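Student: Could you walk me through this structure? I'd like to go through it piece by piece.

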Amino acid sequence: VDFNMELCKMARGSLLVLALLITPWAALSSNSDVFFAINCGGDKLVDKELGIEYSSDLDDEEKATPPGISARVPIKITRAPDTYQPLFQTERYALESFGYEIPTPPDGDYTLVLRFSEVYWQHSEGKVFGVKLDGSISVLDKLDIFKSAGFGAAHDEFVEFKIQDSTLEVKGKTTKKVGDSFSVDFVKGSHDNPKINAILIVKGSKSDAEKLCPLEAAPERTLEEIDDTDIYGDDDEDDEEEEPEDEEDYVNTETDPKETKTKEDESNGSWPFISIFFAILAIFGIGKIRESLN
């Protein structure tokens, strides 16, 4: 009996150690529909209303491979509720491809939510990269956050997948058995470096996941208007038009050529009449001089 009791104690101890090892990774969420949640490059974040806790990856640099760089940009993120401002203000990026190892959930249907905000580039094609699962299934190709959402705006990408007998299936594509974990890889693309703000895995479909990712309505402004706007504040064309010191000279050089030619023609046309007038005066003058001498 004592031997069995010791075995039970050892088993409980082993489970405790295992729980402690898993805790930094797994979301300590009271919402049973949330399997995994992590704030990349930022502190732990808790949404008490939805019962979601995003763990931090700052306590262990090995959570991301390679670790990359964590960053925080304290600007107001549009579409993000106040609770989620820190989530979209912090990020992890790398100068090369990097990824996170995610625990494999039990068999079932899930949705992976990748949360982003572009806080550096203020035009499209500034940052373009891809996302793969388990290094083999491409789920996002040539992702351009600014083109999708604009500057400083929260943006979510949803990827539905299935786990069956430890096998990962996405879009009808099946990988090898993934075992206890699989990777979410952010693949360096043609422009700048890959990044991620947060990762969430929810049981169910995309519509189920959207309920746990509250975002405010996007501004009415269209992406075309954003692209056409001088987002740097350097309107070179306006600067060239203003130039107050040279404006007068600029306007003078733009005089209508037809008008200039007409004035020249009028001026040139008056010269023959002036010449004839002086010639007549000269003849009369010479005549008078001769009469006075005689």
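This is a predicted model: local features need pLDDT of at least 70, side-chain atom pairs count only at pLDDT 80 or more; totals for chains, interfaces and linings use all residues.

Student: What counts as a strand, and when do two strands pair?

Tutor: Strands are DSSP runs of E with at least two residues, helices are runs of H or I with at least four, and both are numbered from the N terminus. Two strands pair if DSSP finds at least two bridges between them.

Student: OK, how many bridges join strand 9 to strand 14?

Tutor: Six, and the two strands run antiparallel, with strand 14 covering residues 181–191. Strand 9 is also joined to strand 10, by four bridges and again antiparallel. There, Phe129 has Leu143 in strand 10 as its bridge partner.

Student: What sits between strand 9 and strand 10 in that hairpin?

Tutor: Three residues, and Asp134 in this hairpin takes a positive phi near 55°.

Student: Is strand 9 mostly covered or open?

Tutor: Mostly covered: five of the six residues in strand 9 (128–133) are buried. Buried means under 20% relative accessible area, exposed means over 50%, and partly exposed is in between, using a 1.4 Å probe and protein chains only.

Student: Which sheet do these strands belong to?

Tutor: An open sheet of five strands in the order 4-7-14-9-10, with antiparallel pairing. Strand 4 (64–65) and strand 10 (137–143) are the edge strands, each pairing on one side only. Strand 4 pairs with strand 7 (residues 98–103) over two bridges, and Thr65 stands opposite Gly99 there.

Student: Which non-glycine residues have a positive phi, then?

Tutor: Arg79 is one, at about 75°, and Lys171 is another, at about 50°. Arg79 is in the loop between strand 5 and helix 2 (85–89), and counts as partly exposed because its relative accessibility is 23%. Lys171 is in the loop between strand 12 and strand 13; at 61% relative accessibility, Lys171 counts as exposed.

Student: New topic. Which strands make up the sheet of eight?

Tutor: The order is 2-3-1-16-8-11-12-13, in an open sheet with mixed pairing. Strand 2 (45–47) and strand 13 (173–177) are at the edges with a single partner strand each, so one side of each has no neighbour in the sheet. Inside this sheet, strand 8 and strand 16 (residues 198–203) pair antiparallel over six bridges. Tyr110 has Lys203 in strand 16 as its bridge partner.

Student: What does the ring of Tyr110 do?

Tutor: The ring forms a stacked aromatic pair with Phe161, 5.7 Å centre to centre and 20° between the planes. Rings of Phe, Tyr and Trp (its six-membered ring) pair if their centres lie within 6.5 Å; planes under 30 degrees apart count as stacked, over 60 as edge-to-face and the rest as tilted. Tyr110 is in strand 8 (residues 108–117) and Phe161 in strand 11 (residues 154–164), 51 residues apart.

Student: Are those two buried or exposed?

Tutor: Tyr110 counts as buried because its relative accessibility is 4%, and Phe161 is buried at 5%.

Terms used:
Residues are numbered from 1 along each chain as its sequence is written. Side-chain values use heavy atoms; hydrogens and water are left out.
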